[in-house]
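Q: I would like to read this fold feature by feature. Where do we start?

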Amino acid sequence: MDRNKGDNSAAAFLHAGLAEELDKKLLVVLRDGRKLTGYLRSFDQFANLLLEDTHERHIVNDMYADIPLGIYIIRGENVVLLGDIDAQKEESQTRLRQVSIPEILAAEGEIDQHDNSKAPGSTRKSEWLQFDDLF
């Protein structure tokens, strides 16, 4: 099998898939766990993304807040999950309540403080991401 031919077909598939998402509001989950929302304006052959009106979504228990970031460039290798957000579902979701940025940061600080007080060697449980109401 021609290696270059396989690479070209994969790139074409990636290009076609991302082209359908242009100008849509997306949720992007990064390798470090951050969750970003924004409008996909551009991408390249490496799946690097350009998001406009980007917000970093912080979720703590049943609260969330979106911290504005503006225009954001994301390196493709850092993307774990990408999907478009259904605006109607996002507006009508009832699991999470939106709070102010200082409130969510204080809640995160309390969790971090609680985690730091645990015995050495203990690990923080992974946060389960509940995106069912957004897609």
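Q: How many residues lie between E1 and E2 in their hairpin, and what is the phi of Gly 33 in the turn?
A: Four residues lie between E1 and E2, and Gly 33 in the turn has a positive phi of about 95 degrees. Strands here are DSSP E runs of at least two residues, helices are H or I runs of at least four, and both are numbered from the N terminus. Two strands pair if DSSP finds at least two bridges between them. E1 and E2 pair in the antiparallel sense over five bridges. Leu 26 stands opposite Gly 38 in E2.

Q: What kind of model is this, and how are residues numbered?
A: The model is predicted, so local features need pLDDT of at least 70 and side-chain atom pairs count only at pLDDT 80 or more, while totals for chains, interfaces and linings use all residues. Residues are numbered from 1 along each chain as its sequence is written, and side-chain values use heavy atoms, with hydrogens and water left out.

Q: Which residue takes a positive phi in the hairpin of E2 and E3?
A: Ala 47 does, with phi near 65 degrees; five residues lie between the strands. E2 and E3 pair in the antiparallel sense over seven bridges. Ser 42 stands opposite Leu 50 in E3.

Q: Is Ala 47 buried or exposed?
A: Buried means under 20% relative accessible area, exposed over 50%, and partly exposed in between (1.4 Å probe, protein chains only). Ala 47 has 18% relative accessibility, so it counts as buried. Its C-alpha atom is separated by 8.1 Å from that of Leu 18, 29 residues apart along the chain. Across the chain of 135 residues, 30% are buried.

Q: In what order do the strands of the sheet run?
A: In general, strands of a sheet pair through backbone hydrogen bonds, either parallel or antiparallel. Here six strands form an open sheet in the order E5-E1-E2-E3-E4-E6, with mixed pairing. Strands E5 (79-84) and E6 (97-98) stand at the edges, each with a single partner strand, so one side of each has no neighbour in the sheet. E3 (residues 49-60) and E4 (residues 63-74) pair in the antiparallel sense over 10 bridges. Val 60 stands opposite Met 63 in E4.

Q: Which residues make up the largest nonpolar core?
A: A nonpolar core is a set of buried Ala, Val, Leu, Ile, Met, Phe, Trp, Tyr and Cys residues joined through side-chain atoms within 4.5 Å. The largest one has 11 residues: Leu 18, Leu 26, Val 28, Leu 30, Leu 36, Leu 40, Phe 43, Ala 47, Leu 49, Leu 51 and Ile 74. Strands E1 (25-30), E2 (35-43) and E3 each give two or more residues to this core. A second, separate core of six residues includes Val 60, Met 63, Ile 104 and Ala 107.

Q: What is Leu 40 in contact with?
A: Contact means heavy atoms within 4.5 Å. Leaving aside neighbours within four places in sequence, the partners of Leu 40 include Leu 18, Leu 26, Leu 49 and Leu 51. Asp 23 and Lys 24 are also among them.

Q: How do the elements of the chain run from the N terminus?
A: They run α-β-β-β-β-β-α-β-α. The chain comes to three helices and six strands. Among contacts between residues at least 6 apart in sequence, 55% join residues at least 24 apart.
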